[in-house]
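Colleague: Hi! I'm new to this one, so could you walk me through how some of the helices pack?

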Amino acid sequence: MIVAIYLTLFALLALCVTAFLRLSTPPQESATNPTFLSFQRRYIPVYLVVLLGDWLQGPYMYKLYHFYGFEEDQVAVIYVCGILSSALFFPAKDILGDRLGRRLTCTLCCLLYASSCLMTLSASYGVLILGRCLCGLANTLLFSSMEAWYVTEHRDAHEFPKEWTQVTFRRVTLGSSVVAIGAGVLADVVSRWMRFGPVAPSLLASPMFLLATVLVSALWRENYGPPTEVSWKNAQRSCTKGLAAIAPNIDLFLVGSIQSLFETTLLVFVYIWTPALDTANNDVPLGVAFASFMVCYLLGNVLCENLVERLGYSMTRVLLVVCGAASAVFSLAAYSAKNYRFLMFTFLLLFELLCGFYFPIMRILRERVFPEEHRVSVINWFRIPLIAISSLALVLLHDSHGGVPEILTLCAVLMGLAFLCSLRFARATRDNALSPVLLR
């Protein structure tokens with residue numbers, strides 16, 4: 001299986017490069033603007049350095065906890081603590097960045113991230129839980145603050161056209177996938193080939209965050225959000241208005257439900273893929289497997305852009321196919337989990353390919369369906385079932401007996417529900433005001 005995983009990565013890389021070269025769109029006007037390009041060079045490399053530190057931790061984190069002798073249910077608790085930490089600070093992520101300043105928030109979060117990486121040197125269960133909580137906090141605040149910094153500078157300081165922000169974020173998405181592929185291979189190099197063990201990728205990630213701290217301090221100027229009064233009453237009022245916006249709007253409810261179900265499945269997948277592939281009798285190159293997932297995600301992005309933007313396929317119909325296919329993929333993965341590991345790996349690769357379709361479509365749907373004035377509170381409401389279901393699934397289903405087929409079956413059920421919601425949404429958009437923009 002080890003050789004097959006390496007060959008799979010090479011084949012996927014060749015396929016992805018071919019698709020990118022043949023299907024990529026021509027450069028836009030913004031690509032020739034020297035001021036805009038200079039501005040991007042102050043933002044994109046910093047963002048990618050942070051992503052490199054983040055992605056390096058992915059492949060071997062689960063194995064690290066096992067390396068320290070913790071059982072499956074104990075590892076699940078560590079992951080759930082990270083999820084809950086992220087969920088706790090998610091509603092306040094924009095407020096903290098707006099008040100403290102985006103640059104200061106980014107530097108503080110990079111330092112927190114670096115500290116959480118160093119905590120993996122400890123075999124103490126409490127220290128590892130604390131490190132995971134810091135990681136969840138830093139992840140939630142850092143990326144939202146970096147994106148908010150960019151949007152404010154783009155709009156207010158440089159007054160570039162609004163549509164050019166998508167040019168930058170597309171380049172970040174492409175760069176993120178390339179960095180993730182490299183991070184997976186690099187994690188294998190330091191952990192397996194150089195025999196430094198599963199703690200090595202996390203230790204290598206720490207200086208990446210320290211470098212990002214230096215770059216942010218040197219290249220970025222401080223900016224703040226709009227002055228707003230922050231109080232418990234305002235927060236309560238915002239939540240109430242967000243809930244009131246969901247109730248009468250069937251399109252909003254369906255899109256939010258699809259997002260919640262799909263991203264719950266993804267959150268569970270991020271946890272379960274390592275124990276699903278790496279067993280006591282099967283020492284899998286986890287970094288290469290992770291890189292293969294990221295290649296599939298990038299390939300899905302390229303294909304989605306070509307189908308929706310260039311060929312004019314309906315986003316709602318593509319989303320319908322994605323959710324239905326994901327449910328089938330997880331059903332087949334659950335069936336093959338015990339006796340056909342490489343076949344299961346193939347099905348998981350297909351799910352990552354579908355994720356590459358899902359995220360660009362969902363980003364556009366949120367912008368068009370979620371009311372801008374209540375978007376944050378609406379997203380917060382739909383994160384509640386996401387956090388609850390994923391946490392309960394990890395704690396209750398993953399135990400010393402494994403629970404991998406059961407968790408994959410749950411993922412299939414969740415994606416089946418997402419398929420039903422997307423089917424209802426596709427029918428609803430035929431006759432309402434969204435149809436001209438969503439059914440093109």
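Modeller: Happy to. This is a predicted model. Let's begin with H2 and H8, whose axes come within 9 Å and cross at roughly 35°.

Colleague: And which hand does the crossing of H2 and H8 have, right or left?

Modeller: H2 and H8 make a right-handed crossing. By class, their contact has 19 nonpolar, 4 polar and 1 charged residues.

Colleague: Where is the kink in H2?

Modeller: The kink in H2 is centred on Gln40 and is about 30°.

Colleague: What span should H2 have, going by its residues?

Modeller: H2 covers residues 34-56, which is 23 residues, so at 1.5 Å a residue the helix should span 33 Å. The end C-alpha atoms of H2 are 33 Å apart, which agrees with that.

Colleague: Nice. Back to H8: at what angle do H8 and H9 cross?

Modeller: H8 (residues 164-193) and H9 (residues 200-219) cross at roughly 120°, and their axes come within 8 Å. That angle makes H8 oblique to H9. The crossing of H8 and H9 is right-handed.

Colleague: Which residues make that contact?

Modeller: From H8 there are Leu186, Ala187, Val190 and Ser191, and they meet Ala200, Pro201 and Leu204 of H9. Sorted by class, the contact of H8 with H9 has 6 nonpolar, 1 polar and no charged residues.

Colleague: Changing topic, how do H12 and H14 cross?

Modeller: The axes of H12 (residues 286-310) and H14 (residues 341-369) cross at roughly 40° and come within 7 Å. So H12 is oblique to H14. Their crossing is right-handed.

Colleague: Which residues of H12 and H14 make the contact?

Modeller: On the H12 side they include Ala289, Phe293, Met294, Tyr297 and Leu303. On the H14 side, Phe345, Leu348, Glu352, Phe357 and Pro360 are among them.

Colleague: And how many of the residues there are nonpolar, polar or charged?

Modeller: The contact of H12 with H14 has 18 nonpolar residues, along with 4 polar and 1 charged.

Terms used. Residues numbered from 1 in each chain as written. Predicted model: local features only at pLDDT ≥ 70, side-chain atom pairs only at ≥ 80, totals over all residues. Heavy atoms only, no water. Axes fitted to C-alpha atoms, helices over the stretch in contact; angles between N-to-C directions. Helix = DSSP H or I, 4+ residues; strand = E, 2+ residues; numbered from the N terminus. Parallel < 35°, antiparallel > 145°, perpendicular 65-115°, else oblique. Left-handed = near helix turned anticlockwise from the far one by under 90°. Contact = heavy atoms within 4.5 Å. Nonpolar A, V, L, I, M, F, W, Y, C, P; charged D, E, K, R; others polar. Expected span 1.5 Å × (residues − 1). Bend = angle between axes of the 7 residues up to and from the residue.
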